[in-house]
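Let's take a walk through a protein structure together. Keep the picture open beside you as you read.

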2 protein chains.
Amino acid sequence: MIPSLDLIPGVLAGRQRDVARLITRAEAGDDECRPAMTALYQHTGKAHIIGITGVPGSGKSTLVKALATAARQMGRRIGIVAIDPSSPFSGGAIMGDRIRMNDLSGDPGVFIRSMATRGSLGGLCRAALDAVDVLDAAGYDLIIIETVGVGQDEVEVVRASHTTLVVSAPGLGDDIQAIKAGILEIADIHVVSKCDKPDAQRTIGDLKTMLMLDMPRDPNWMPPVVGTSAESGKGIDELLKTIQTHHNYLHQSGRIQDRLRMIAESRILKTAEELVRRRFVRHQAGHFIAQVAQRQLSPYQAAQQLLGE
Amino acid sequence: MIPSLDLIPGVLAGRQRDVARLITRAEAGDDECRPAMTALYQHTGKAHIIGITGVPGSGKSTLVKALATAARQMGRRIGIVAIDPSSPFSGGAIMGDRIRMNDLSGDPGVFIRSMATRGSLGGLCRAALDAVDVLDAAGYDLIIIETVGVGQDEVEVVRASHTTLVVSAPGLGDDIQAIKAGILEIADIHVVSKCDKPDAQRTIGDLKTMLMLDMPRDPNWMPPVVGTSAESGKGIDELLKTIQTHHNYLHQSGRIQDRLRMIAESRILKTAEELVRRRFVRHQAGHFIAQVAQRQLSPYQAAQQLLGE
């Protein structure tokens, strides 16, 4: 196996094969690739990272495809990290429609990576952001993280972006909207997809009302609401412009520093949690587990011993 | 403030006020209550812990209420830990119906505790299981953890039970079913709620077909599918019996030991993760964050330093 450090020149030159290899190793979290990821980290920080979330059925994946296609036509290099089990990028919904991504795959200016959300031993957020680092260092200047907006892990991933889009669709039921209510507050930009539908204006109006009632996350940035239709292409260019406006705002106001600190904090913690999990597996996990299961140690005592506290 | 250790006699005697106090402190994860929680831990392990999950709209909360009422009539003492934002136990869905729990509250044999799923700094699973410990030590012999089945954290909570119920409802759309597909596999018992509805038989049939195609989690326990109607009371007694059958199976087969080890493992890790988060806040978090944000340290290097590796 080629040492991960030897993949770095290829990654920095943007060679897709080396990018794919390093992402695979980073995703697994192997110790072997850690020095490479650390070396690569200083080459990151150039890309604009966009988080896109919304419940399944909100038209998120179709929107990502439309956005990526439009940005590509403007000469941007696009990286997509999809961690939505219902996304066609991630292999399609189990019972939903599968949309093929033929228009984008095969284009060397586009790199698509999907990640499983389950069975990832909790390292999902860390793995996804390591993948973003590789893409960033490889010169992809617009990186989209797509995730379904349910669950703390998914919300943490999408928050670790510079510009967060929350996608709503007209006509979804109250039950689904209730899940979504918890993620509306993280939006820098609201997107109402499928805006050709007759009840789209009501959804846009509902969102605007909600925004007026809520305290914005940043008093100087009132999240705009953009209606889009992936089918007719309506609103896609406006959305790209709005994303750029938010990017400019972050840099001109200096708020980008807050974002970068928030992302750094989340990444340190997620990585530390994964290291603790590895330490546990390596050091007497069975012994600790048996003692806690038999009530000889409390979970807190075992955790303290594990951390050497 | 009464020291937490002094609350223990009251908790062991089942005094609701002391139970409520200790749960509040345990939920916050204060260091002060740690010795008390450790002392209490050896008094746990008597209750049958039932995890109930399902997407919003599946009729989960109504089912919990019906189950608790029926079990109460059989003389069981019931503890409920609700961490479902759409549950009436947790204060009701944001946009959905609110069902009052009048029939149960006020009964000293029932203790209901709700927990927020968001903003809990990741300690949700740890906090919920600490609450279960307090209820277990206080003599509640049937403890129900209710959570919405989306997100890794929620799945981990509900897996930390002896018997896991996954609730499906007839007529929910494919989008919602797609989310749920990831949690079907954790069921020991499947419940199809609202089984008075005309399409309930189809949902029951679909589930049975899926179960025949799937490898069961335990080859000696094929998860049964029970249809219930909270309105007519249909199936509730059968469900209680099925829960008892699963309990008997776990103990007679010895599989309960696997469960207890799995739960112990999850708890040690969750507690260790929370300790790491606290250590981070206490020790130069700002310094680490700035260095990582400025690319002077990689997230991995910072995490290693935090853990003293």
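Strand 5 of chain A and strand 6 (residues 189–192) of chain A are paired in the parallel sense, with four bridges between them. Strands here are DSSP runs of E with at least two residues, helices are runs of H or I with at least four residues, and both are numbered from the N terminus. Two strands count as paired if DSSP finds at least two bridges between them. Look for Leu165(A): its bridge partner in strand 6 of chain A is Ile189(A).

Before we go on, a word on what you're looking at: this is a predicted model, where local features need pLDDT of at least 70 and side-chain atom pairs count only at pLDDT 80 or more, while totals for chains, interfaces and linings use all residues. Residues are numbered from 1 along each chain as its sequence is written, and chains are lettered from A and ligands numbered from 1 in the order in which they are written.

Back to strand 5 of chain A. Strand 1 (residues 48–54) of chain A also runs parallel to strand 5 of chain A, joined by four bridges. There, Ile50(A) sits opposite Thr163(A).

Is strand 5 of chain A buried or exposed? Six of its six residues (163–168) are buried, so the strand is largely enclosed by the rest of the structure. "Buried" means that 20 or more other C-beta atoms lie within 10 Å of the residue's own, with C-beta atoms placed from the backbone; with 12 or fewer a residue is exposed, and in between it is partly exposed. In a regular strand, side chains alternate between the two faces of the sheet. Here, Thr163(A), Leu165(A) and Val167(A) point one way, Thr164(A), Val166(A) and Ser168(A) point the other way, and all are buried. Across chain A, 52% of the 309 residues count as buried.

Now hop over to chain B for the sheet. Seven strands form an open sheet in the order 3-2-4-1-5-6-7, with parallel pairing. Strand 3 (110–114) and strand 7 (225–227) of chain B stand at the edges with a single partner strand each, so one side of each has no neighbour in the sheet. From one strand to the next, the twist averages 20 degrees. Angles run from 0 to 180 degrees between N-to-C directions, using axes fitted to C-alpha atoms, for helices over the stretch in contact.

Finally, helix 9 (residues 236–253) of chain B lies across strand 1, strand 5, strand 6 and strand 7 of chain B, at about 170 degrees to strand 6 of chain B.

Conventions
Two residues are in contact if their C-beta atoms, placed from the backbone, lie within 7 Å.
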